[in-house]
Amino acid sequence: MDTSTVRTSPTPTSADLADSAFLRACRGEPVPHTPVWFMRQAGRSLPEYRALREGTPMLESCTRPEQVVEITMQPVRRYGVDAAIFYSDIMVPLKAIGVDLDIVPGVGPVVAEPMRSLADLAPLRPIEPGDVPYVTESVRGLTAELGGTPLIGFAGAPFTLASYLVEGGPSKDHAATKALMYGRPEVWHELLGRLARIAAGFLRIQVEAGASAVQLFDSWAGSLAPDDYDRFVRPHSEAVLAEVGTLGVPRIHFGVGTGELLGAMAAAGADVVGVDWRVPLAAGIDRVDGRPVQGNLDPSLVFAPWEIVAEKAADILTAGQKAPGHIFNLGHGVLPKTDPDVLARLVDFVHTESARG
C-alpha cells in the first residue's frame with residue numbers, strides 16, 4: 001500500500017471514546033465538527049482491500065480475525081473517518097448457525113433451500129457467542145487498535161434477512177416474500193420472530209466485545225407500503241432494537257428507499273435514523289420526530305466533478321443543522337469503482353466546512 005495515503009494524525013485513546021464526535025452526534029450533543037463515515041467503507045473501492053481479499057471467499061474472510069481487523073482499519077487510516085464499521089456481512093449469523101448459504105460473486109447471497117413453511121424454519125435457532133468466536137476476537141482486536149475511534153457493529157434487519165431466506169437469493173420484486181407475508185402470516189411472524197432473536201443476539205455479541213454503536217440494516221424494507229411495514233415488519237425490528245437498547249449504545253436504523261417509512265423506523269426504537277439519497281435530508285429530519293439523522297449524499301455523485309460534490313455536501317451539512325445531531329454519510333454504500341482519493345477529500349471537506357460553520 002502507498003503509505004502516502006495513510007493519515008498520520010495522533011492516535012486517540014480509549015478515554016476519548018465517549019467524547020468522540022460520532023457518539024456525541026448520536027446522542028444529539030454539540031460536536032466540534034460533523035462526524036463522517038461511509039457505509040461499505042471497509043472494502044469495496046480500496047485497492048489494499050482487493051489485494052488482501054484476493055482468493056478468499058467473502059464469508060470465509062469474515063471468519064479470519066486478522067483479516068477482519070485489517071480491512072476494518074483500512075478506511076480509518078486512509079480517510080480519517082470518525083467511526084469504523086465492522087467488516088462482516090448480514091448473512092454471517094445465519095451461516096454460523098448452520099443455514100446452507102453462500103455469497104456468490106456478482107449475484108449476492110444465495111440460499112440452498114428457501115424457507116416457506118414452519119418446518120423449514122427449524123435451523124433458525126438463537127445465535128450464541130460460541131457460534132462466532134471470530135467475531136468476538138475481531139471486535140476485541142479492533143477496539144484495542146482503534147482507541148478513541150468508535151466501532152459500529154451491525155446486523156441485517158428481520159425483513160431483509162427474511163427476503164433472502166424466502167426468495168433464495170436477491171429479488172427485485174420480493175414476490176415470494178410478500179406472498180408468504182400475506183398468505184401465511186403465522187409462518188411469516190414465526191420467521192421474523194426467529195430472525196429478530198438472531199439479529200439481536202448478533203448485535204449483543206458485538207457490543208459485549210466492545211462495539212460502541214450498532215446499525216440495523218433493512219436494505220429491502222423500501223419495497224413495503226407503510227401499513228404493511230407497520231403490521232408485518234415493525235414489531236420485529238422493534239424487538240431487535242429494544243434488546244439492543246438494554247446495552248446502552250446508540251442504535252442506527254437504516255433502509256433503502258424508505259422515505260415513506262422513516263417515521264415508523266424512528267418509532268421502532270432508533271436513536272439515529274439513516275436517510276437515503278432519494279429523500280432531501282431536511283424532509284427526512286421532519287419525519288423522524290426529533291431524532292439525530294445520518295446521511296445522505298448520493299453514492300454516485302462522487303463520480304461528478306469535485307465542485308458538484310462539494311456543493312451537494314455543503315447543502316447536506318446545512319440541512320443537517322436542523323437535526324439535534326447529524327452524521328454525514330452516503331445515502332447507501334460506497335460503489336466499487338469509487339475513487340478513494342475523492343472520499344478522503346470529502347472527509348476533509350466535511351470536517352473543515354462543519355467546523356467553520
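Which residue stands opposite V273 in β8? In the predicted model, that position is taken by V293. The two residues belong to neighbouring strands: β7 (residues 272–274) and β8 (residues 293–294) run parallel and are joined by two bridges.

These strands form part of an open sheet of seven strands, with parallel pairing and the order β1-β4-β5-β6-β7-β8-β9.

Charged side chains were examined next. Side chains of opposite charge can pair when their charged atoms come close. The structure holds 20 salt bridges. One of them joins E145 and R77, at 3.6 Å from N to O. This pair links distant parts of the chain, since E145 lies in helix α6 (residues 133–146) and R77 in helix α4 (residues 65–79), 68 residues apart. E145 is partly exposed, with a relative accessible area of 37%, and R77 is also partly exposed, at 21%.

Another salt bridge, between D230 and R234 (3.5 Å, N to O), lies within helix α10 (residues 226–245), where the two residues are four apart, about one turn of the helix. A network of salt bridges links D19, R24, R27 and E29; within the pair D19 and R24, the closest N and O atoms are 2.9 Å apart.

Turning to cysteines, the count of disulfides is zero. C26 is buried, with a relative accessible area of 5%, and C62 is buried at 3%.

Methods
Residues numbered from 1 in each chain as written. Predicted model: local features only at pLDDT ≥ 70, side-chain atom pairs only at ≥ 80, totals over all residues. Heavy atoms only, no water. Disulfide = S-S within 2.5 Å. Buried < 20%, exposed > 50% of the residue type's maximum accessible area, 1.4 Å probe, protein only. Pairing = 2+ DSSP bridges. Salt bridge = Lys/Arg side-chain N within 4 Å of Asp/Glu carboxyl O.
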